[in-house]
Each structure stands twice: as structure tokens, then as C-alpha cells.
Amino acid sequence: MKRLLILILLPCAALLFPVPVEGALPWWTPVTAVPEGVHCATAPCSPLTPGDPVFLISGTTVLRRIGTNTYPEAAAPVLPSGSILAAPALYPGTAVAATPAGTMYRRSSNGKWHLSLQLLPNLPDMSPPHITGCAAMPGTLTGAVYCSTDGDGMFVTTDAGITWYRANDGLPLTIDAVIAVPALHAFAAQSGNRWYIHVLRPLPVPSPPRHLSPRGFWILTLGSIMVAAVLLLVPIWHWREKLVLHTQ
């Protein structure tokens, strides 16, 4: 009896409080042609103002360039050959540095460098996945940085490397490169001879519940009281009958 009443009450409450959720599309979808993306020699590709710093790697040293002047980043880690820099133009002075061996560093806007992310080995392989590429969007489209790996999918940060998320829906785990495609407001990822594209859009979020009309409020209130009363009376009545039989 109690289960039946609960099964009746829950659908009624769901009808009174509908919460439709936007259907989620795949994050990455295959494309037939190679996208025309942006490959940047500096990070970010295009500073929003001429005074914003840009970063580049010379050998194992990170350099900071402001206008025509270039300075070594004294606080930056020594980076091995093949390391990658990416930076969102939306956050001037920040940068993400990724080494092939799966270590990511971030530069905060105050000039300090921190360890951002260390990828773990995928057993039985004892070495962490290599980072194959990092990309950020020029201009003001997004402050996200995407980094691809050769065995752990795609990672994305939207706060200049403070937090990282997996963004791998629709992608294989082995990704050879990632590039920004400003003309399409998208990022593109390469895996072998296949390309995938992600068009920038907000994550799907639940829409707010509908406001109850006065009639709906009283239906829900009285229905809840009646169901609660029945749920209380059924065990009391059952206990009373057992007590009567026991006394007889």
C-alpha cells in the first residue's frame, strides 16, 4: 500500500513541477574537411591591447615580450624540448605551459608560476600520456585552453589553468593535435586522419521550475496532507489489529 501511494504521489509532484533539461549534443562531432585553424608562435595569438604581454619559448626558457622588448621569465620552470605554450587573450598575463611528458604549468597574472596538472600513467603503461597540443582562442570569444593527449583524451581549463576538466565526449583517447578555429567559433582536434570539431556553446543547464498557480499549490498541499495521513494510519491500523488478535 505504501509503495503504491508513493508511486502515485511522485508523478503528481513531477507534473506540478516540470523541469525540462536542454538536450545535450555531442561535444565533438566528426568533419569531412580539414578545418582552417590558427597556429600561434606566441601566446596569446593576439593580445587585446598593445601593452598586454605575450609569451614564447626559446630553447628551454620562457620569454615574455611587451611591445618590442623581450625578457626571460625568471620564475618560469625550465621546460624540456617540445613543450607548448597557450594563453587566453581574455586573461592578460596568464599562460599555460605543457611538457610532452604530461606536466602542465600555469602563469598567474601576477607573474608567479605554479604546477597546474600532472597526468598519471595509464596502466600497464608506466609513463603518463604525452601532451600533443594546446590551443587558445584569439580575441574575446572564450578564455578556454584545450590540451590534447596521446592516450587520455582532451583536457580544458576555463580559468587559465587553475582547474582542468575532461572534454572528451565524441573523441577517441588518442589525439594528435588541437587547434583554434576562430572563423567557426570552434576548436578542432585531429586523431590520425580524422578531424573533429567543437563549436563553442554554453553547457546545457536545467531551466527554472514553473511557478505554481494558487490552485496547483492547494492541490499539492492537500494531496500531501492526505497521503501523509494515509501513510501514518495504515501502520497504526495494522498494529491495532495485531494487538486485538494478540489480546484475544
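These entries go through the sheet and then the disulfides.

**Entry: a word before starting.** I am reading a predicted model here.

**Entry: the sheet.** I began with the strand order. I found four strands in an open sheet, running β1-β15-β14-β13, with antiparallel pairing. Which strands stand at the edges? I noted β1 (29-31) and β13 (177-181), and since each has a single partner strand, one side of each is left without a neighbour in the sheet. I also looked up the angle between neighbours: on average, neighbouring strands of this sheet are turned by 35° against each other, direction ignored.

**Entry: one pairing up close.** How many bridges join β13 to β14? I have five written down, with β14 covering residues 186-191 and the two strands running antiparallel.

**Entry: counting disulfides.** Next came the cysteines. With sulfur atoms within 2.5 Å as the rule, I get two disulfides. Numbered in sequence order, the bonded cysteines of the protein pair 1-2, 3-4.

**Entry: C40 and C45.** In this disulfide the sulfur atoms are 1.4 Å apart. I looked at the torsion about the S-S bond, which is about 75°, so the disulfide of C40 and C45 is right-handed.

**Entry: C134 and C147.** Here I read 2.1 Å between the sulfur atoms of the disulfide. The link of C134 and C147 is right-handed, with 110° about the S-S bond. Where does the pair sit in the chain? I placed C134 in strand β9 (residues 131-136) and C147 in strand β10 (residues 145-149), 13 residues apart, so I logged the pair as linking distant parts of the chain.

**Entry: burial of that pair.** I checked accessibility again, keeping in mind that buried means under 20% relative accessible area. C134 has 12%, so it counts as buried. C147 is at 0% relative accessibility, so C147 counts as buried as well.

**Entry: to remember.** For my own recall, the C40 and C45 link is right-handed, and the link of C134 and C147 is right-handed. On the sheet, I keep the order β1-β15-β14-β13.

Terms used
Residues numbered from 1 in each chain as written. Predicted model: local features only at pLDDT ≥ 70, side-chain atom pairs only at ≥ 80, totals over all residues. Heavy atoms only, no water. Pairing = 2+ DSSP bridges. Axes fitted to C-alpha atoms, helices over the stretch in contact; angles between N-to-C directions. Buried < 20%, exposed > 50% of the residue type's maximum accessible area, 1.4 Å probe, protein only.
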